[in-house]
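Notebook open, viewer running. I went through this one spot by spot and jotted down what I looked up.

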Amino acid sequence: MKGKPIFFYIFVMWTLIIGGGGLLVSIIAPLSIHGFGAFDHILDSIVKAAIAVILVVLWVLLMSRIKNWIFQKQMSH
Amino acid sequence: MLDKTIVGILISAIAFVTVYAITPGLINALTKRNMVVKDYNKEVATMVARPGGPSMLAGILASEFVLYTFFPSTAILAIIITTSLAFLVGFADDRKVLGGWFKPLALAGTAIPIILLGVYLPHLAFPLFGSVRIPELYLALIIFMIPVMGNAINSIDVLNGVASGFMTIASFALTICLVIIHNYDVALASLPLGFVSLAFYKYHKVPSRIFPGDSGALTMGAMYGTLAIVGHVEVIAAIALLPAVINSFLFLSSVKRVIEHRQIKAKPVVHTEDFRLMASDDKSAPVTLVRLILANGPMTEKQVGFVIFRLALFSAALAIITAFMMEIKI
């Protein structure tokens with residue numbers, strides 16, 4: 001089938017989206033910061049946002065690696 | 001429910017018939033005003049009318065205003081305003097070539113009505129695991145989502161019929177997903193996008209008589225993004241759009257900066273002697289979805305388009321599976 005590696009790449013992206021969502025909902029979302037009084041809420045948001053941004057960067061790097069691996073043959077063409 | 005079904009049929013017909021009826025006149029008007037561009041993938045020099053955005057917007061506005069008279073809601077208003085603003089951004093770019101950063105920034109601005117009208121829930125829903133509440137981050141997501149979706153559709157608009165055909169598949173998949181998660185109101189509001197794209201495809205397919213231009217591509221992308229936000233199906237919508245997202249990702253990761261496709265000097269795709277498309281062997285040319293599809297050998301424009309449609313159908317199937325998975329919690 002034409003474009004078979006691309007179908008596989010889309011499937012990998014899909015599993016990473018679902019896995020990343022699971023990580024976000026199960027581990028990062030329940031995190032909470034206490035002990036800073038009125039700043040608890042804002043610090044909580046900043047820390048979660050920072051983790052989310054780091055995760056997105058890692059996701060992009062991972063996708064880039066997988067892209068190079070899957071399309072190695074095509075890239076060298 | 002019967003009322004909604006009847007209104008759904010009515011607005012679908014309005015969306016389809018408006019674009020189907022207006023587009024031939026628009027093609028003639030654009031041709032008379034010499035608003036035509038060369039179709040570089042044709043052996044014989046062919047000039048094609050551009051942009052088709054005005055007929056698409058007419059179809060969307062006609063059907064959404066009718067829907068609003070039956071079921072008034074701020075969500076429909078947000079769809080109308082954001083889509084119209086995105087059209088204006090695209091139309092400005094069609095008339096005068098603007099810088100690479102102009103479109104993402106201006107499109108980010110078109111998302112502001114969504115925030116001002118408050119038609120969003122600051123939750124991001126994931127399949128199997130539930131949703132996460134991200135009040136501050138969600139605002140950034142809204143601002144980010146419209147430019148990404150708009151530019152993703154714009155970047156896939158490289159061959160005859162691809163953008164409109166792809167959008168037809170993705171938007172009908174989104175409608176099905178909205179029905180699966182029981183969000184019938186937004187499912188209804190999403191119908192015009194599918195029917196507008198389908199009617200436009202009639203004139204955009206190989207050989208194209210009209211190109212959507214930036215105004216058409218950004219109109220479709222921005223409306224799709226707005227539907228994703230007001231329908232609370234951000235993740236599902238992104239999955240249905242994966243081939244276009246991959247195309248943008250491949251392009252950006254190879255050129256490593258935000259620039260317009262037309263600014264690229266080394267072309268990713270070249271022509272064979274019989275004018276089929278062939279992947280360029282120029283190492284400096286960007287990697288794109290079409291170039292990867294062509295890596296196994298030359299193909300006609302129509303064949304490449306059908307491979308992209310198969311990828312769109314595959315992503316649509318994954319999006320529908322994801323919608324069913326939303327009902328399951330582990």
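Where in chain B is B:H232 found? I looked it up in this predicted model, and B:H232 is in the loop between α9 and α10 (234–240) of chain B. I checked its backbone too: phi of B:H232 is near 55°, a positive value in a residue other than glycine. With a relative accessible area of 28%, B:H232 is partly exposed, because that label covers anything between the 20% and 50% cut-offs.

Next entry, another positive phi. B:F275 has phi near 65°, and this residue is not a glycine either. I placed B:F275 in the loop between β5 (269–271) and β6 (277–279) of chain B. Its relative accessible area is 27%, so B:F275 goes down as partly exposed.

Then I went looking at cis peptide bonds. I noted one from B:R50 to B:P51, with omega near 10°. B:P51 lies in the loop between β2 (47–49) and α2 (53–70) of chain B. I noted another from B:V206 to B:P207, with omega near -10°. B:P207 is in the loop between α8 and α9 of chain B.

That loop came up again when I turned to charge. B:K205 is placed in the loop between α8 (184–204) and α9 (213–230) of chain B. B:K205 belongs to a surface patch of positive charge, where it gathers with B:K202, B:R209 and B:K302. I have B:K205 as partly exposed, because its relative accessibility is 37%.

Is B:S171 buried or exposed? I get 1% relative accessibility, so B:S171 counts as buried. I found B:S171 in helix α7 (residues 162–180) of chain B. I then traced what its side chain reaches. The backbone oxygen of B:M167 is at 2.7 Å from the side chain of B:S171, and the backbone nitrogen of B:G194 is at 3.4 Å.

For contrast, I looked at B:R33. B:R33 sits in the loop between α1 (2–32) and β1 (36–38) of chain B. At 61% relative accessibility, I log B:R33 as exposed. I also took a C-alpha to C-alpha distance from B:R33 to B:T219: they are 23 Å apart in space and 186 residues apart in sequence.

Last entry, chain A. I count three helices and zero strands there, and the pattern along the sequence reads α-α-α. Chain A has 77 residues, and buried ones make up 34% of them.

Key: Residues are numbered from 1 along each chain as its sequence is written. Chains are lettered from A and ligands numbered from 1 in the order in which they are written. This is a predicted model: local features need pLDDT of at least 70, side-chain atom pairs count only at pLDDT 80 or more; totals for chains, interfaces and linings use all residues. Side-chain values use heavy atoms; hydrogens and water are left out. Patches are made of residues with over 30% relative accessible area and no salt bridge: like charges are joined within 9 Å, nonpolar side chains (Val, Leu, Ile, Met, Phe, Trp, Tyr) within 5 Å. Accessible areas come from the Shrake-Rupley method with a 1.4 Å probe; for residues, only the protein chains shown count as cover. A salt bridge is a side-chain nitrogen of Lys or Arg within 4 Å of a carboxyl oxygen of Asp or Glu. Lys and Arg count as positive and Asp and Glu as negative; His and the chain ends are not counted. The place of a charge is taken as NZ of Lys, CZ of Arg, CG of Asp or CD of Glu. Helices (H or I, at least four residues) and strands (E, at least two) are DSSP runs, numbered from the N terminus. Buried means under 20% relative accessible area, exposed over 50%, partly exposed in between (1.4 Å probe, protein chains only). A polar contact is a pair of N or O atoms within 3.5 Å; within protein, one must be able to donate a hydrogen and the other to accept it, and residues adjacent in sequence count only if both atoms are side-chain atoms.
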